[in-house]
Amino acid sequence: MSADQQRPNIVFLFPDQFRWDFAGANGADWLQTPNIDSIAENGVRYTNSFSASPICVPARTALMTGMNAIRNGVTGNLHNLRADWRDAGLRTWPEIMSENGYYTAGIGKMHFYPWDERRGFQYRVICEDKRWLEVRDDYYHYLKRHGLRKLHGNEMDGYQENRGAVIQDIPWEHSWDRFVGSEAVKFIDDYGADQPFAMMVGFPGPHCPYDPDERFLEGIDESKIPEAAPEFPGHTPQLRQNNVDANKRPWNGVDYTEFPDDTKHTVRKHYSGLVQQIDFEVGAILDALRNKGLLENTYVILASDHGDYLGDHNLIGKASFYESAIRIPMMAQGPGIEAGQVQEGMVDVRDITATMLAWAGIEQPGWYDAQPLPGEGMPGEDGRENIFGLLADGWMNFDGRYKLHKYKSGETLLFDMLNDPQEQVNLYENAEFADVVRRLEFELTEELMSSIDSSMDDRLAQNGDMSQDPSFGLESWVRPWPNAPRTTEATYEKPTKA
């Protein structure tokens, strides 16, 4: 075996909109996810894993670049990574790994603009968002060959009354996640033994519409499905209204003005079915690695771009800093990782990027604010002290106990997550917590200022002191643009934690 073949493979499993507490390993005892759970059993499970920018495109761009949403410029779903990122000195993680001897594959949903962009992946099979019906991707052509087409949820029975929970009319063998899982297996079978590979598998589910095949509703114990966290009157009325308005738009077309508890239960049941459907595909991918003799030399990591409220706080989807939107499952197995361990340190989804480079023996770029994941046999040492939430219309600082939400609407929240995990008691104006608020706001301001400054690196006149540069004094001096990003370090002394 060559030295190149001895380098570990990497399989990054990335379901879309998969909340942390709907995995069996994280306590979901009403559904069955034996294959997902096996990754945790054979490796490490992170109990405090988050998506700092809980919307599809910002979360995925942070992963691609190893930079937070403000630094890379993508804080909303309609934003895009700058077209000249290479000229600015950036590389996506697939580019970096491709340049270092890995065969990189992106299979399934990536949410790139344009949708057929590669972003450094050498091998691509595209099955985009379940809401992008007009995209003529590989899945579109697959369906066409079989006399089928992508369906909007409203073409299926019960879509409106069940608030998006339906049975998918496309046969399971031709469904979104089945297509993605099968293509991942095909890649392993065809190319897995050729050279070290890094494959990201983007499942379109369990994102809405909540449309499992009927057989994947079997085995769900409805009596154990947890009820949604209540909406506390007055906490975030504007966020709630924005959520209703956004979901009325044609991409979804569902009115959640009324969202009864029994309907929330139905949505959660169907979402659970989608999770079980993805677990089946995870099992097929693990089996393919095992059958090919590759599993022992392959790192497998599973996470998601964000969660889903599923009725919590009377909301659906994501795009705020409530726990059910930002908290995600994360687990990994592979060579040298101690089995059965649980890591409680806080980690962010973009930390996976730094971790994959470390697994591949590649030095982390200086512009990264991603950091390798901790654990026995993992490349990192510690979790994060804070998770800073960054979106176009809201910011967050979570220190592991106290969580501060601040929204453009003026809605501001502080929760003690130790004593109030369902985020029901807003402590922001409670005088007893004034010092906590002051500290969290100071830390958040520091992070924002540092990130905004770093986001301007491409516009630096020069990386140095022009006052002592003779060439700057000449009339012919030309400002270099774009500049490569700097490595920045925090220089402010933070207030002591209360």
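Modeller: Start with a definition: buried means under 20% relative accessible area, exposed means over 50%, and partly exposed lies in between, using a 1.4 Å probe and protein chains only. This is a predicted model, in which local features need pLDDT of at least 70 and side-chain atom pairs count only at pLDDT 80 or more, while totals for chains, interfaces and linings use all residues. Residues are numbered from 1 along each chain as its sequence is written, and side-chain values use heavy atoms, with hydrogens and water left out.

Biologist: How do I read a sheet, and in which order do the eight strands of the open sheet run?

Modeller: Strands of a sheet pair through backbone hydrogen bonds, either parallel or antiparallel. Here, helices (H or I, at least four residues) and strands (E, at least two) are DSSP runs, numbered from the N terminus. Two strands pair if DSSP finds at least two bridges between them. The order is S5-S4-S6-S1-S7-S8-S2-S9, with mixed pairing. Strand S5 (123-126) and strand S9 (341-343) are the edges, each pairing on one side only. From one strand to the next, the twist averages 10 degrees. Axes behind such angles are lines fitted to C-alpha atoms, for helices over the stretch in contact, and angles run from 0 to 180 degrees between N-to-C directions.

Biologist: In which sense do S1 and S6 pair?

Modeller: Strand S1 (residues 9-16) and strand S6 (residues 197-206) are parallel, over seven bridges. Phe14 stands opposite Gly202 of S6. Asp16 has Pro206 in S6 as its bridge partner. S1 also runs parallel to S7, joined by five bridges. There, Ile10 faces Tyr299 of S7.

Biologist: Are the two faces of S1 buried or exposed?

Modeller: In a regular strand the side chains alternate between the two faces of the sheet. In S1, Asn9, Val11, Leu13 and Pro15 on one side are buried, and so are Ile10, Phe12, Phe14 and Asp16 on the other. Eight of the eight residues of S1 are buried, so the strand is largely enclosed by the rest of the structure.

Biologist: What lies across these strands?

Modeller: Helix H9 (residues 261-291) lies across S1, S6 and strand S7 (298-302), at about 160 degrees to S6. Helix H11 (residues 351-359) lies across S1, S7 and strand S8 (331-333), at about 165 degrees to S1.

Biologist: How should I read a helix pair, and at what angle do H2 and H9 cross?

Modeller: Two packed helices are described by the angle between their axes and the distance between the axes. The axes of helix H2 (residues 34-41) and H9 come within 7 Å and cross at roughly 55 degrees. That makes H2 oblique to H9; angles under 35 degrees count as roughly parallel, over 145 as roughly antiparallel, 65 to 115 as roughly perpendicular and the rest as oblique. H2 brings Pro34, Asn35, Ile36, Ser38 and Ile39 to the contact, and H9 brings Asp279, Phe280, Val282, Gly283 and Leu286. Contact means heavy atoms within 4.5 Å. The contact residues divide into six nonpolar, three polar and one charged. Ala, Val, Leu, Ile, Met, Phe, Trp, Tyr, Cys and Pro count as nonpolar, Asp, Glu, Lys and Arg as charged, and the others, Gly among them, as polar.

Biologist: Which side chain does the side chain of Asp16 make a polar contact with?

Modeller: A polar contact is a pair of N or O atoms within 3.5 Å; within protein, one must be able to donate a hydrogen and the other to accept it, and residues adjacent in sequence count only if both atoms are side-chain atoms. Asp16 reaches the side chain of Lys109 at 2.2 Å. Asp16 is buried, at 0% relative accessibility. Leaving out residues up to four places away in sequence, Asp16 touches others too, including Cys56, Arg60, Asp129 and His306.

Biologist: Where does Thr61 sit?

Modeller: Thr61 is in helix H3 (residues 56-65). At 5% relative accessibility, Thr61 is buried. A polar atom of its side chain lies 2.8 Å from the backbone oxygen of Val57. Beyond its neighbours within four places in sequence, Thr61 contacts Asn72, Val74 and Leu81.
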